[in-house]
Structures are given as structure tokens and as C-alpha cells.
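Here is a structure to talk through together.

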Amino acid sequence: ITIGVASETASGERRVALTPETCKKLVARGAKVRVQRGAGQQAAFTDDAYADAGAELVDDADTALRDADLVLCVQPPSSATLMGLREGAALVGLLAPQADAARGEAINARHLLAFPLERLPRTTRAQAMDVLSSQAGMAGYKAVLIAAQLAPRFFPMLTTAAGTIRPSKVLIVGAGVAGLQAIATAKRLGAQVEGFDVRPETREQIESLGGRFLDLGVSAAGEGGYARALTDEERAEQQRRLAEHLKNVDVIVCTAAVPGRPAPKIITAAMVAGMRPGSVIVDLAAETGGNCELTRPGETVDSGGVTISGPLNIASMGAVHASEMYARNVLNFVSLFVTEEASREGRLAFDWDDELLARTVWPERVVAPVAAATT
Ligand code: NAD
């Protein structure tokens, strides 16, 4: 089989879906891997490194992808690129097929087997393939560093000849994968860290990282281990308790999300107005609208002396490790169908009884009921 990787084209995207390490493993399995020159450059992977790993380097995206049986990407290729792929080719990446009608149509028109990795079920078996988790870890880490950079304060407590500096108080909103990494990172920088979430099990997770759980009296565990949206009453209660608390917080890192919905609005304009000047909010949820009412996605703004930053595609800022993890996740996922035997025979071996494949592929396949009643 032939696997193709082109340079990412989304603006600001520095990551790459294949690293020399994962390339080598696919080549060892008998696959032919074609990589566009420069595809790994922004993540510090050189063309030479890919060549050493057995890839064939080509000059343009079209040559890299045209004959590929399997295309690997981080963000979705343009619909024009998709239309140029071989009919029936498999496509693996963060494809967001419903976010763009032309993209969805191109996937259907070329009969592509699209595997949007954001659809992967988050089961134990899928953990090694879970790009949402690996990328959220980088995002949570970087968000704290951005906050530390913007803050006009030290994070740690310092005892100096010029007096004692009290540690910054850092609040992490949402304690999923990104939030827990943010807590760990802020803690390592010496801040006084607290966090809250609406899933009750996060209390123990926050505390195990040395953070304090901020109890806002709301519990809203939803389906599949995720949060559900809050009712109006729950939201009002959360906000009442939070507004008072924020008057003494120096830094907020927002990470709260509910799958398939815009980010919950948690920090209101009135709460920001009540915060001390010199405070900083970094809103990781900016991508889906922000947890703070005043967040402007992609911008850093000042509101009455409070700095509010809404960075986009933050995982891409740590492109080397983000790519290494992403590429390993992708390798683990494609290993479900790029087996040694199949790739030598020039085919992809899909087992549609495997729920990881069946539930990730888009459009959804109509699967016959397993145990239809026979009468
Ligand atoms: P996410 O990005 O969807 O949400 C981030 C966090 O925001 C979640 O913890 C959520 O509870 C929280 N949140 C939502 N609304 C909120 C509100 N109004 N106020 C405060 N917090 C709010 O979630 P995620 O980080 O991708 O994952 C969530 C959880 O899923 C993980 O912590 C974990 O328990 C589970 N998970 C399991 C696996 C696995 O077993 N393979 C893998 C990944 C995640």
C-alpha cells in the first residue's frame, strides 16, 4: 500500500501527522510512504530524517497524495485536495467533516473512507489512539505558560532581600485532560492552584495533583464520562459562588467544554469587572467561543486592567511533542488496518466488527443488527 502525507495547509498549523519514527514503523510493515518535502519542517523533522526512515520525498502535495491508499493529516485537506484523491482512499485526521459542507461532499463524492479521529470512542482500548487527549495535554501545559508570561507577577512564593512575594493564586476552570495538565504545570511553577469541574470525580484528581478543589455546589456528569450542559438554576448557583471567589484570584485558565456544544459561558463580564487589575485569563475554550464572555478568539484584550487571552490551536505551539504524540496515536489507529500481511498484499484490512473502526468512520455506516430476532 501507499501512504501519503502532505504539508498541512491550515494557517498557523505547525504539526505533522507522521514523524520519522512512525514512518519507519510503517515502512517496516511493507508500506510505501510518500512525504511532501518540508511537511515536517515546522515541527523540526527534516526531509533527511524522513528519507532515512524509508520515505520517498516528493515535491508537491498532489504527487504525495494522488495515488495514496491512505492519507494521514492533522487538519483536513482542502475540498479541492480531497477531490484529487484516489477513489475509495482512506483518510485519517482531525477531519471535522460536518464543519464544512464542501468537505463532506468531497468525502462522499470520492467515496473516501474518512476516519475523523475526534469521533474515536474514548474507551480504554482506544487510549493509545486518543489524539484529543494527547493534544489537550499540550494545550493545558502551554496555556499555563502563556498565563505566566502575561502575568505581571511571579507564580511561586519568593523570600528575598526585597521582601517576601506571595505566590500567585491560579484557578483552573474545567478539570478534563487539558485542565489537569494545566493544574500540574501551574503547581510545578509554584503557584497556589485550585480547580473545579462539574464532574464530581475530578475532586480526587485535582487533589492528587496538589490542587485544591473549589466546590461550587454543582454536579453535572453526563453521558460517556463527559459533562452535560448545566440547567439555568445550576448555572446561576455556580456563578453566584464563583463571582465572590474570583475577587482574590490572580490567574484563570479556562478549559471547560461540553461535547458537540459551544463552550459553556462561565466567567461573565461582571465577574471580570470584579477582578483585581493585573489579573490574567487564558481561555483555552476560545476555539468554541470561550468560557469567558469577553474572550475574543485569537486575540489578547484588556478589560479594566484584566488581560484576557484567547489563543487558537494552542497544541500547535508545542509542535514537536504534539506531533510526536499525534503521530503515535495515528500509528496505533491505522495499525488496526495496516497489518503487515495486508500491506504486502496491497490492501487495507478493515474489520467492521471492530467498534473503533465502525464508530469512527464517517459517514456512519449502516451496520446490520448483530442479533436480529428470528421468528
Ligand atoms: P472536554 O474537553 O469535553 O471538557 C473539559 C472539562 O470541562 C471536562 O472535565 C468537563 O467536565 C468540564 N466542564 C464542562 N462543563 C463545565 C462547567 N460548566 N463548569 C466546569 N467544568 C465544566 O473533556 P476531556 O478533557 O476531553 O475529557 C473529559 C473526561 O473524559 C476526562 O477527564 C476523562 O475522565 C474522560 N476521558 C476518558 C478517556 C479514556 O478512558 N480513554 C480518554 C479521554 C478522556
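Q: What share of the contacts in the chain with a separation of 6 or more comes from residues 24 or more positions apart?
A: That share is 62%. A contact here means that two C-beta atoms, placed from the backbone, lie within 7 Å. A word on the source: this is a predicted model, where local features need pLDDT of at least 70 and side-chain atom pairs count only at pLDDT 80 or more, while totals for chains, interfaces and linings use all residues. Residues are numbered from 1 along each chain as its sequence is written.

Q: How do you know whether the radius of gyration of the chain agrees with that of a compact globule?
A: Take the globule rule, 2.2 Å times the number of residues to the power 0.38, with the radius taken over C-alpha atoms. For 375 residues a compact globule would have a value near 21 Å, and the chain has 23 Å, so the two agree. The C-alpha trace spans about 70 × 65 × 35 Å along its principal axes.

Q: What makes strand S9 "mostly covered"?
A: A residue is buried if 20 or more other C-beta atoms lie within 10 Å of its own, exposed if 12 or fewer, and partly exposed in between, with C-beta atoms placed from the backbone. In S9 (residues 169-173), five of five residues are buried. Both faces are covered, with Lys169, Leu171 and Val173 on one side and Val170 and Ile172 on the other. Across the chain, buried residues make up 43% of the 375.

Q: How do you know which strands pair with S9?
A: Strands (E, at least two residues) and helices (H or I, at least four) are DSSP runs numbered from the N terminus, and two strands pair if DSSP finds at least two bridges between them. S9 has five bridges to S10 (residues 192-196) and four to S12 (residues 251-254), both parallel. Val173 has Phe196 as its bridge partner in S10 and stands opposite Cys254 in S12.

Q: Why is the unit of S9, helix H7 and S10 called right-handed?
A: The term applies if, with the strands pointing away from the viewer, the path from the first strand over the helix to the second runs clockwise. S9, H7 (residues 177-188) and S10 make a β-α-β unit of this right-handed kind.

Q: Why do S3 and S6 count as edges?
A: The open sheet has the order S3-S2-S1-S4-S5-S6, with parallel pairing. S3 (56-58) and S6 (113-116) each have a single partner strand, so one side of each is left without a neighbour in the sheet.
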